[in-house]
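Me: I've got this model open and would like to go through a helix and a few strands with you. Shall we start?

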Amino acid sequence: SVDAQWQVPFVLPATMVAQSGKAKLTLSPSLIGDLTSAFEYVRDYPYECWEQKSTKAVLAAQYIALKPYFPASWQWLEATTLPADTWALAPNYQASNGGMTYWGQGDAHVSPYLSVATARRFNDLRQLGYTPPARTEQQLHDYLRELLKQKTTPDYYNADMDDSLRAEALAALPAPLLSAQDFERLKDKISTLSIRSRAAYLEAALKVRGTEAYRKKAALSIMSSAEQTATAFKLRKSNDYWGWFLDDHASSSCAVLSAFTRYSQTTDGKALMGDIPPRLAQDIQRQRNRKGHYGSTSGNLTCAQAWITYARAYEPPVNDLHIAARVVDNTQKVLGTFAPAHFASLRDPAQNSTVDDLSAGTPTLAVTRTGQGRAYYQLGVEYALAKPAATDQFAGLELRREYSIRKNGAWHVAKLPLTIARG
């Protein structure tokens with residue numbers, strides 16, 4: 001929140017042990033957190049083919065844009081020169097038809113996926129202040145326009161794969177090369193696209209005036225594939241990820257975060273999006289593996305770009321940010337006070353504090369914010385029940401222990417109580 005004050009009510013049940021309640025509060029100036037592990041994974045990965053080289057080059061440019069989130073002690077020294085040095089090599093991986101190859105040149109080796117990915121990375125670089133090679137980009141755009149008009153993909157691409165690739169191509173092409181017919185062609189196929197490609201369709205529509213209906217249709221289709229609560233927005237895992245697209249759940253979630261964040265900044269998208277981007281960002285932050293990065297190099301690239309887009313919209317600079325919080329009752333009587341939190345920069349770590357000895361009732365978390373920056377908070381509640389529930393309550397997970405006995409070559413579930421003799 002960027003409000004000066006806000007309150008969050010919560011419940012402690014009457015069936016709890018007296019004064020066993022505990023409120024746990026986590027405060028942070030940023031959802032993004034430390035990105036060191038994700039960028040180390042890409043920086044130190046052995047790169048050879050064009051897909052890998054271009055991934056590393058874009059991550060280097062993204063590192064400079066996200067530098068306020070890195071510890072001052074962590075450096076990527078070649079990041080300032082790597083993007084330009086790498087993109088100078090792009091013509092060496094472009095075939096005569098304008099498409100891109102993993103190794104060398106030749107129309108027979110063109111990868112439609114890699115061609116789309118390269119064009120989108122050109123766009124990422126341009127947004128970060130770099131200039132892609134003009135002739136290479138122009139020939140690549142010509143190739144993508146042809147891809148939109150007719151099937152130029154290998155035989156193993158089925159119809160859904162072709163359509164998903166075309167949606168990605170729409171996002172890769174500049175607005176002057178797009179027409180309403182391009183969006184109309186895929187309008188009735190949005191639900192069959194991969195989640196990531198639906199996000200690409202939305203991104204493309206955001207570049208072109210008069211596409212409000214297409215934007216809304218794509219956004220609603222993505223939202224129908226998510227699970228929502230008051231505090232969470234989580235895309236359901238799907239089996240529509242294809243290896244040729246270097247797609248996975250984290251990559252798709254980050255593609256949606258980029259699209260939804262941009263959509264939330266428009267007049268037609270603001271009301272529909274509401275606070276979905278911050279809720280989705282929280283889920284993506286939890287998707288990093290134990291080593292601190294996402295599953296693939298491409299996934300780290302997509303997520304880094306999503307964090308840049310999100311930060312520009314939702315994370316203003318932090319300066320002398322103070323957050324005070326307490327637990328109060330219905331009369332505003334203070335039941336407990338959390339340790340105050342102070343943040344001087346976006347890279348400062350989250351701070352945790354607890355209030356103990358709370359009793360049953362409907363208390364409220366009351367928070368006050370001063371200084372510059374957005375305050376993120378997460379409230380958790382713990383308590384002990386006075387006695388177990390009188391009846392079983394199904395809450396989405398059931399555990400059952402069974403013992404089976406083998407008699408006459410067949411297994412039979414034993415009836416309890418059971419006595420087993422040794423022998």
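Me: What should the 14 residues of helix α6 (residues 159–172) span at 1.5 Å a residue, and how far apart are its end C-alpha atoms?
Reply: Helices here are DSSP runs of H or I with at least four residues, and strands are runs of E with at least two, numbered from the N terminus. The expected span is 1.5 Å times one less than the number of residues, so α6 should span 20 Å. That agrees with its end C-alpha atoms, which are 20 Å apart.

Bear in mind that this is a predicted model, where local features need pLDDT of at least 70, side-chain atom pairs need 80 or more, and totals for chains, interfaces and linings use all residues. Residues are numbered from 1 along each chain, and side-chain values use heavy atoms, without hydrogens or water.

Me: How many of the 14 residues of α6 are buried?
Reply: Buried means under 20% relative accessible area, exposed over 50%, partly exposed in between (1.4 Å probe, protein chains only). The buried ones include Met161, Leu165 and Leu170. α6 is largely enclosed by the rest of the structure, because the buried count is 12 of the 14.

Me: Over how many bridges do β5 and β9 pair?
Reply: Two strands pair if DSSP finds at least two bridges between them. In β9 (residues 364–372), Ala366 is the bridge partner of Arg326. With β5 covering residues 319–328, the antiparallel pairing runs over eight bridges.

Me: Which residue in β7 stands opposite His322?
Reply: β5 also pairs with β7 (residues 341–343), antiparallel over three bridges. Opposite His322 stands His342.
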